[in-house]
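Please go through the following points with the model open beside you.

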Amino acid sequence: MTDRTNEAALSLTKFGIGQPVTRKEDPTLVQGKGRYNDDISLPNQAYAWMVRSSEAHGIIRNIDTETAKGMPGVLAVLTGEDLKAYQGLKCTLPIKSRDGSPIKYQPRPALASDKVRFVGDPVACVIAQTVAQAKDAAESVALDIEPLPAVVSARDAAKPGAPLVFDDIPGNIALDYQFGDAGKVAEALASSAHVVSLPLVNQRLLVGAMEPRSAIGEYTASSEHWTLHSSSQGVFGMKSMLRDVLQAPADKVRVLTGNVGGSFGMKAVVYPEYVCILHASKLLGRPVKWTDDRSGSFVSDHQGRDFDMTVDVGFDKDGLITAMRLSGYGNLGGFCSNFGPMLPTVNVTKNLISMYRTPLLEVSTKCVYSNTTHVSAYRGAGRPEGALSIERTMDVAAAELGIDRMELRRRNFIKSKDMPHKTPAGITYDCGDFPGLFKEALERGDVKGFAKRKRESRKAGKLRGLGVSCYVETTAAMTTEMGGIRFNADGTVTIVTGTLDYGQGHASTFAQVLSEKLGIPFDKITLLQGDSDQLVTGGGSGGSRSAMLSGTAVVEASNKVIESGKQLAAHVLEASSGDIEFKQGNFTIAGTDRSIGIMELAGKLRAGMQIPDGVPTTLDITHVTEAVPGTYPNGVHVVELEIDPDTGLTRVVKYNAVNDFGTVLNPMLVEGQVQGGIVQALGQVLLEGIVYDAEGQLVTGSFMDYAMPRAHDAPMMNVSSRPVPTKLNPLGSKGCGEAGTSGGLPAVANAVIDALSDYGIRHLEMPMTASKIWEAIEAAKTQKKSA
C-alpha cells in the first residue's frame with residue numbers, strides 16, 4: 001500500500017460517509033463572520049419600506065402618496081398601478097378538484113390595488129435614501145379602505161353566506177380535493193366492528209425563522225439584466241419563479257443567496273417585496289434594499305399548518321384496520337401560495353398510512369380562502385399532520401377497544417416480509433422493518449419501567465404520561481439535480497449543486513460523499529450552491545430531499561470524474577485505460593504499484609500537461625441526474641412528561657427516538673436535525689398558536705403574545721439509528737430533515753393525554769398550554785364531584 005493510499009484510508013475513517021464530522025461553516029458563523037443578506041450593502045443603494053393594510057378585508061378607495069413623496073430623502077413611492085407590467089405570483093400545482101377542475105385562484109399582485117385581503121397585505125412601497133426616511137414616509141401614506149366583513153377560519157369561510165375573499169371564487173373554495181373510493185370506504189366503515197371518529201385541529205403556526213427576510217434588487221439598464229440578492233431554499237427555482245414574474249429571458253435574471261438563517265419552507269418562493277425593489281432599481285438606476293423587521297414578519301411571511309380535519313378509522317373484531325378516512329378543511333389564507341393547496345391534500349394523503357396495513361383510504365379536503373396571512377409549507381408540510389391524525393387515533397382506538405395501545409400497533413404493522421408494500425395512498429414502501437424498529441424504541445425508552453416512574457411522579461404530586469408515535473414519511477424528490485465537480489487552480493475542489501443549505505450542514509455532508517468516492521482530502525473541498533449563474537438546474541432544498549438529490553448527483557458526477565481520470569492516468573502512466581483501476585483517490589495500473597493520485601493528476605493538468613487527441617482535457621464535470629425518486633424514512637418516538645396538576649405546567653422529562661434513515665451520511669448532523677424537529681413539534685403541542693380575532697386582526701403579533709419554545713422547554717433527547725438502506729438511490733439514504741417533527745408531534749400529544757387520562761380526559765386541542773390543561777383538570781374534577 002502506497003503512502004497516498006494509507007493517507008486516503010486514514011482520512012475516510014474520520015471524514016468518510018457515516019462519520020460524525022462537524023459542520024464546515026460553524027467556525028465562521030459562530031464568530032459572526034457569516035454573510036447573510038442584510039450584511040450585504042451595495043454602492044449607492046437605496047432603501048425600501050412597505051406600507052401594509054391594517055384592515056383584514058376591504059375595498060381600496062384611494063392611496064394618497066403625495067405627502068410621502070415630498071418628505072426628506074424619499075426617492076419614489078410605488079403603488080399597484082406602477083407594477084402592472086409584471087405578472088402576479090402564481091400557483092402552478094397540477095392538483096384537480098373532484099370534478100376535474102383546476103385550483104381556483106387569482107395571481108397575487110405585488111401590491112394590492114382593488115381589495116386588501118388580510119392584515120399586512122402590502123399596498124405601497126416607499127424608497128428613500130435611508131431606512132429611517134423610508135419608514136417615516138411610509139407612515140404618511142394615507143389609505144382610504146372601505147372595510148368589509150372578514151372571515152378567518154376555513155370552516156366558517158366555507159359556510160353559505162360567508163364573506164367572499166375573491167368575488168369570482170364561489171364559497172371561497174379554491175380546491176375540493178378527493179382521493180380514494182368514497183363509496184368503498186363508507187361501506188367498509190359501516191361494516192366495521194368499531195369506528196373511531198376523532199376531530200383534530202392542527203393550529204396555525206408562525207414560521208419564525210431566526211433571520212427575517214431581506215433582499216436587494218439590482219437592474220442594469222445597459223444589459224437589461226436583473227439581479228436579486230435574497231435568502232432562498234434554492235436559487236435555480238427562485239430564478240425560474242422570478243423570470244415568470246418579470247417576463248425576462250433566463251440569461252437576464254440572476255439570483256444570489258449567501259448564508260440563510262433558517263427557513264423551514266418559508267423562504268422558498270418569490271414575495272411581493274422582491275418585485276417592488278427590482279422595479280424600484282430599474283426606475284431609479286440604483287440598487288434597492290429591503291429588510292423586514294419582526295413585526296412585519298408576523299404578517300408578511302407565510303404561516304404554517306391550519307388544518308381542521310376529522311379522522312375516521314374502522315377496525316374489525318380483532319383490532320385490525322379496515323378503512324381510513326380523513327375529511328375537513330385546509331386554510332389557504334388570503335392568497336393561494338405556491339405550495340399551500342398541496343399540504344392538506346396530496347402530502348397528507350401520502351403520509352397518513354404510517355406503518356399500518358390499511359386496505360382502504362379516502363381523503364376529502366376543501367382548501368379555503370380566508371382573510372388571514374397566506375399558508376404554505378412549514379417543516380413537514382403535511383407529513384406531521386398525517387402522523388398526528390393516525391397516531392392520536394390509534395391511542396383513542398386502543399382505549400375504546402380495550403386493547404393495549406402498543407399491542408394495537410403491533411397487530412397492524414406492515415411486516416418486513418411484505419416489502420415492497422403498495423399502500424392505498426398510491427405509493428410503494430420499498431423497504432423497512434417497522435416491528436423491529438418499534439421493539440427497539442420501546443426497549444430504549446424503557447417502557448416496561450414506566451409504571452414505576454409514574455408512581456414516583458405521583459408521590460411528588462405530578463402526573464406522568466407516556467407517549468408513543470410511529471411515522472413513515474414520503475420525502476419530496478422526483479426531480480433532477482446538478483452535480484458539478486471543479487478542480488480549482490488553488491488546489492481545492494468545488495462541488496456545484498442546486499440544493500441550498502440553510503442550517504442542514506451540506507458543506508460537510510456533501511464533502512464526505514466526495515471524499516469517500518474520490519479520495520479527495522476533506523479540507524480541500526468547498527461547496528457552491530447560491531449563484532444561479534453557476535447552475536444548469538437545481539431542485540432546491542425542501543421535503544427532506546437534499547441527501548438524495550445532491551448526494552446522488554455527487555456520486556454520479558464522481559463516477560464520470562473516474563472515467564475521465566482513468567484515460568488521463570493511462571496517458572501519464574503509459575498504459576491502457578482498461579488496465580487502470582481507481583481506489584481511495586489513486587489511479588493504479590492493475591497488478592502493479594505504479595499509480596498517480598487524483599490530486600496529483602489534477603495538478604499536472606493545471607501545469608499544462610500535453611494531452612493526446614481523444615483523451616479528456618479536464619477532470620471537471622457538469623452532470624445532471626435523472627429524476628431522483630422519493631424515499632420513505634420512518635421511526636418511532638417514545639416520550640415521557642410530567643404535568644403539575646395545580647398549574648397545568650408541562651415538562652418533557654424523557655425522550656427517545658429510533659429512526660430508519662437508511663444510510664446515515666453524518667450521524668452528528670442527523671441527530672441535530674431530528675432534535676430541532678422535535679423541539680418544533682413540542683412547541684406546537686404545548687405552546688404555539690397564531691390567533692386572529694373575528695375581524696381578522698392578528699392577536700399574536702409579537703413574541704410577547706406568541707410563545708416559541710425556549711432552551712428550558714427542550715428535554716435531553718436520545719436519537720439512535722436502525723437503518724434499512726434503500727436501493728432507490730446510490731447512497732441508500734432516506735432523508736431526515738422533517739422526521740423529528742413527524743415523530744415528535746403525535747408522541748408529545750399522546751403523552752399529554754396519557755397523563756391526563758387519570759382524570760378521564762381523552763382529548764385536548766393544541767396548543768395544550770398550561771392554562772388549557774389546568775382548566776381541563778378543574779372541569780374534570782367538577783364533573784366528578786357532581787356525578
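Helices (H or I, at least four residues) and strands (E, at least two) are DSSP runs, numbered from the N terminus. This is a predicted model, in which local features need pLDDT of at least 70 and side-chain atom pairs count only at pLDDT 80 or more, while totals for chains, interfaces and linings use all residues. Residues are numbered from 1 along each chain as its sequence is written, and side-chain values use heavy atoms, with hydrogens and water left out.

1. Ser354 is found in the loop between α10 (343–350) and β15 (361–369). Is this residue, Ser354, buried or exposed? With a relative accessible area of 1%, Ser354 is buried, where buried means under 20% relative accessible area, exposed over 50%, and partly exposed in between (1.4 Å probe, protein chains only). Leaving aside residues up to four places away in sequence, Ser354 touches Ile390, Glu391, Tyr429, Cys470, Tyr471 and Val472, contact being defined as heavy atoms within 4.5 Å.

2. Helix α20 (residues 770–786) has 17 residues and spans 24 Å from its first C-alpha to its last, close to the 24 Å expected at 1.5 Å a residue; the expected span is 1.5 Å times one less than the number of residues. Its buried residues are Ile773, Ala776, Ile777 and Ala780. They lie on the same side of α20 because they cover an arc of only 100° around the axis, the arc being that of the directions from the helix axis to the C-beta atoms. Among what covers these buried residues are β18 (463–472), β26 (634–643), β27 (650–660) and α19 (739–756), whereas the face of α20 turned away from its buried side carries the exposed residues Thr782, Lys785 and Ser786.

3. The bond from Met419 to Pro420 is cis, with omega near -5°, and Pro420 lies in the loop between α12 (405–412) and β16 (421–422). A cis peptide bond also joins Met766 and Pro767, with omega about -5°, and Pro767 is placed in the loop between α19 and α20.

4. Positive phi values in residues other than glycine may also be checked. Phe264, in the loop between β11 (253–256) and α8 (272–284), has phi near 60°, and at 28% relative accessibility Phe264 counts as partly exposed. Arg305, in strand β13, has phi near 65° and is buried, with a relative accessible area of 2%.

5. On a 1 Å grid over the protein atoms alone, a cavity is a set of points where a 1.4 Å probe fits but cannot get out, and a pocket is an open set with protein on both sides within 12 Å along at least five of seven lines; lining residues have an atom within 4 Å of a point. Grid points are joined across faces, edges and corners, and a volume is the space filled by probe spheres set on the points. By this rule there are 6 cavities of 30 Å³ or more. The largest cavity has a volume of about 110 Å³, and its lining includes Arg108, Tyr271, His302 and His374.

6. The second largest pocket has a volume of about 380 Å³. Of the 23 residues that line this pocket, Val201, Gln203, Arg204, Asp306 and Ile690 are the closest to its centre. The elements giving two or more residues to the lining are α5 (154–157), β8 (194–205), β13 (304–315) and β14 (321–333).
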